[in-house]
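Reader: I am new to this structure and would like to go through some of its details. Could we take them one at a time?

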Amino acid sequence: MGETEQRPTAGSRLGAQENAGISTLEHGQKPPITPPGKLVSIKIQMLDDTQETFDIPQRAPGKVLHDAVCNHLNLVEGDYFGLEFPDHKKMMVWLDLLKPVMKQIRRPKHVVVKFVVKFFPPDHAQLQEELTRYLFALQVKQDLAQGRLTCNDTSTALLISHIVQSEIGDFDETIDREHLAKNKYIPQQEALEDKIMEFHRSHTGQTPAESDFQLLEIARRLEMYGIRLHPAKDREGTKINLAVANTGILVFQGHTKINAFNWAKVRKLSFKRKRFLIKLRPDVNSSFQDTLEFLMASRDFCKSFWKICVEHHAFFRLFEEPKPKPKPVLFSRGSSFRFSGRTQKQVLDYVKEGGHKKVQFERKHSKIQSIRSLTAQPSEQHTEVPKQSSSFAYGDDNDTAAVQSCRQGKELKASPEDTGQHKSHSLKKSPKEGKKVDGAVVSTAEEEEEAAKDRMQQNRPQSQQPSTGSLTGSPHLSELSINSQGGPSVANMSLSPNLSPDTKQPSPLISPLLNDPSCIRTDDEEEVKRKRFPTEKAYFIAKEAATTERTYLKDLEVITSWFQSAVSQEDCMPETLKNLIFSNFEPLHKFHAGFLKEIEQRLALWEGRSNAHIKGDYQRIGDVMLKNIQSMKQLTIHLWKHNEILMELENGIKNSRKLETFCRDFELQKVCYLPLNTFLLRPLHRLMHYKQIMERLCKHYPPSHIDFRDSRAALAEISEMVAQLHGNMIKMENFQKLHELKKDLIGIDNLVIPGREFIRLGSLSKLSGKGLQQRMFFLFNDILLYTSRGLTASNQFKVHGHLPLYGMTIEESEEEWGVPHCLTLRGQHQSIVVAASTRSEMDKWTEDIQMAIDLAEKSSGPAPELLASSPPDNKSPDETTVDQESEDDLSASRTSLERQSPHRGNTTVHVCWHRNTSVSMIDFSIAVENQLSGNLLRKFKNSNGWQKLWVVFTNFCMFFYKSHQDNHPLASLPLLGYSLTIPSESENIHKDYVFKLHFKSHVYYFRAESEYTFERWMEVIRSATTSASRTRALSHKEPHAY
């Protein structure tokens, strides 16, 4: 009858973003108001087989009922779900969200509407909420029981074993047999019980959330996952089944797929009476006719399937809800049906930017409740072209605070309000029920901001919103926890006494940072304090030397104290390696402890805090710096050993699983706020900081100044040391970066090889048959990798393919594909099309890739084969077939997933993923030079007072401490993607030396103590928020040989 689509542009068909707005309403429209009038009760059967009754107005459209169900469940990602019911012909149909419910369900008293999954995404990692994945897992369980999800016995047993793990916990043979006897997951289950228990035995320690993820990981690979068959006949009269999926329209014979028509190949979908018509795009290589015709049982069956196809195409392929067609003046032709609701991209964007709370939900049949995050971020994925996570925010299988608490033997109790299965809900009443839940002590700056807002609203009625806890390792990264490794380890639990949601203690986010009165300084106190201290620039340069030295000493203590103490308790490191590390770091720590003491004593004299009558000779720092830099030369022998230390530690980790596990667990501790091998390079980085300090001091002093001569001599001494060690440091930085990236990647074995240099990493959208999909790209001097992020406990990126740079060409292709900021990369055996989020991002990638291609051409030849465990994706950009994984691969996949372990969730790689940006090795090198520490006053957008914090800026991130004596940070703020500005008059700050950081809805003000410190903070933060000049000189560098 009618053509379904709106003739989208070439760009919109391929996934180009034309309007990034989250609202699906027309400009100027208001959200629909619930119609008044008599209420009618609708019974809804949930996925856990409970029934709920909802009262809605008689004239209410379907969307009102759908929203009521989602609100009742506290379900943020409700757009993946739908309501289906039997019509008057007993045919199951989907509830139309635009039409009044009572015009669709004629006899509501006799109809039970089912709440089920409607849209199955290609990758369950796109589901950001634990609750959403739980509901998807229930759908898989239901499809298994109904025979809709068919697979072989091994896959079936594996699926059921994960369901059992989520319901009763770890394996116990007696309990397992009793449970399987009482619960029938499939017909003839008895034949598989032994195999189910065998698989269940291997899931020990797996939380319900992890079981859900593993269940979906296996199910999504099955051919019948998410498939609903619609009987039809082809032109020859052969009986077939049609189905629709995220990739397009599928044709089955029985339960075997025999054909697929990808959305990119379909030009038009229509129906005429009982005939369903697919009009394909012309293709000289295809044997298909221009128009395919299928005969269905009736016009109603045909129209119903056509509607489902329209909705799937719109949900997965469009950026925003299609606009309604204008009403015809005289008569209409064809159907007026259109997709209503948010598209998948809008759902992803909304979850990223929504700022959700963590709440509990009850798992039926399970003793363990879960806490899930309702926030949205990009991701942090905050996007210009975001696909997964920013909330996709920051974005893989998370151990929530509740799960961590349960691992310690603490059982969560369901609130009595949640135990009832049959309740009547009126839309006039929508109280938000929630309990405050304590999360991990470590928080993020954005979470503190939300907690501050919550406290301001505590006296308001209905303010029982759950506190925002920090979910380390959460896929919601926008608010990144500084415990980036994915969750507190057992060894670290002693640092987090408030992990149990059962306790009545205040949320750790209402931390001393936020509610200690001593942290809030009045303006009068600040002015009095400011007048007591010197104001000359040289004093603040000397003070910077002291504050950064404090941080450096704390970083050394991570190795000499914390790491050494942990090593002494575990027999995992060879004695030779212990001696190598600690014999070289302990002399450095001892020396710099004395160095710091001398600087602080000089500052005390300078400030007049002791011997206040003494003036002149003590208002300088050059002599202290010269004396200690000269003494430091004797420690050069230890600095030269850092190369060997780093390599021997990595070799030890490579050869010892026990040492690897130990180092990974140590990185989970809050005191290790950066990757462990980064601390090993700190002594080399510190030399550059001394050089920069002395350069600023010499530039400030006139030649006649009393301190000029000593300062210039100190600069000459430190410059000589830096020159001697600089080449070694560059090699070690590249070596350290390759090993750090190796931890972030799975599906690759030989990333670190002699001669390989890292150039750039970042988020790009890759064009495939499914449209534009977010991928993480890693550029080296010989190869380009592309990966996707898996929502697993390991928080790692899975390598999908690679392109050797030898023989590659690069060209802009915006006009060809209709996608903004689009590039085509043509390799010798494969080509891909990628799109950047902005023009500047595209320019950076273009320049770096072209430079890398030139370097590869000058080398001896093509790079060695890289991927040991993941075959390359050799499809061309316009190829539309979908990768299928056989059931035989499931066991291998399960094994690899089981080997995964907690991993860092806020590394630079994850921040780039969530914020849709990129960084280069040049940026990393600049970041090493631009490190700063000191006190700042911080103010949130809607708060009144200023909070005094000790702030450490390093690795593109601000770490917040209550004081410089703290051993670990309380919160962090990754700055990639943030904008740095000066507050405007309209913001009513009216203070000196204030700068503003903002990213989307997150706004922070920071206040420095002087003009010099203000300029320094602006300088170093700008290095993280603005990429360096793209001019490259890498072609002149010597290769890094290991």
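Predicted model: local features only at pLDDT ≥ 70, side-chain atom pairs only at ≥ 80, totals over all residues.

Reader: At what angle do the axes of helix 4 and helix 8 cross, and what is their relative orientation called?

Author: Helix 4 covers residues 130-145 and helix 8 covers residues 208-219. Their axes come within 9 Å and cross at roughly 55°.

Reader: Which residues of helix 8 meet helix 4, and how many residues of the contact are nonpolar, polar and charged?

Author: Helix 4 contributes Glu130, Arg133, Tyr134, Phe136, Ala137 and Val140. Facing these in helix 8 are Ala209, Asp212, Phe213, Leu215, Leu216 and Ala219. By class, the contact of helix 4 with helix 8 has three charged residues, no polar ones and nine nonpolar ones.

Reader: How are helix 17 and helix 21 oriented to each other?

Author: The axes of helix 17 (residues 622-632) and helix 21 (residues 676-700) come within 12 Å and cross at roughly 150°. Angles over 145 degrees count as roughly antiparallel. Helix 17 is therefore, relative to helix 21, roughly antiparallel.

Reader: Which residues make the contact between helix 17 and helix 21, and how do they divide by class?

Author: Helix 17 passes helix 21 in a left-handed crossing. On the helix 17 side the contact is made by Gly622, Met625, Ile629 and Met632, and on the helix 21 side by Leu687, Tyr690, Met694 and Leu697. The residues of this contact of helix 17 with helix 21 are, by class, no charged, one polar and seven nonpolar.

Reader: Is Arg756 buried or exposed, and which residue does its side chain join in a polar contact?

Author: Arg756 sits in the loop between strand 18 (745-746) and strand 19 (758-768). Its relative accessibility is 1%, so Arg756 counts as buried. A polar contact of 2.8 Å links its side chain to that of Asp782.

Reader: Where does Ile278 lie, and which residues is it in contact with beyond its neighbours within four places in sequence?

Author: Ile278 belongs to strand 11, residues 275-280. With a relative accessible area of 0%, Ile278 is buried. Leaving aside neighbours within four places in sequence, Ile278 is in contact with Ile249, Phe261, Val266, Lys268, Leu269, Asp290, Thr291, Leu292 and Phe294.

Reader: What separates the C-alpha atoms of Ile278 and Lys265?

Author: Ile278 and Lys265 are 13 residues apart along the chain. The separation of their C-alpha atoms is 9.9 Å.

Reader: Which residues does Thr156 contact, leaving aside its neighbours within four places in sequence?

Author: Thr156 is part of helix 5, residues 153-168. Its relative accessibility is 6%, so Thr156 counts as buried. Apart from neighbours within four places in sequence, its contacts are Cys151, Ile186 and Leu192.

Reader: What is phi of Tyr993, and is Tyr993 buried or partly exposed?

Author: Tyr993 is in the loop between strand 31 (979-981) and strand 32 (994-999). Phi of Tyr993 is near 60°, a positive value in a residue other than glycine. At 28% relative accessibility, Tyr993 is classed as partly exposed.

How values were computed
Residues numbered from 1 in each chain as written. Heavy atoms only, no water. Axes fitted to C-alpha atoms, helices over the stretch in contact; angles between N-to-C directions. Helix = DSSP H or I, 4+ residues; strand = E, 2+ residues; numbered from the N terminus. Contact = heavy atoms within 4.5 Å. Nonpolar A, V, L, I, M, F, W, Y, C, P; charged D, E, K, R; others polar. Buried < 20%, exposed > 50% of the residue type's maximum accessible area, 1.4 Å probe, protein only. Polar contact = N/O pair within 3.5 Å; in protein donor to acceptor, adjacent residues only side chain to side chain. Parallel < 35°, antiparallel > 145°, perpendicular 65-115°, else oblique. Left-handed = near helix turned anticlockwise from the far one by under 90°.
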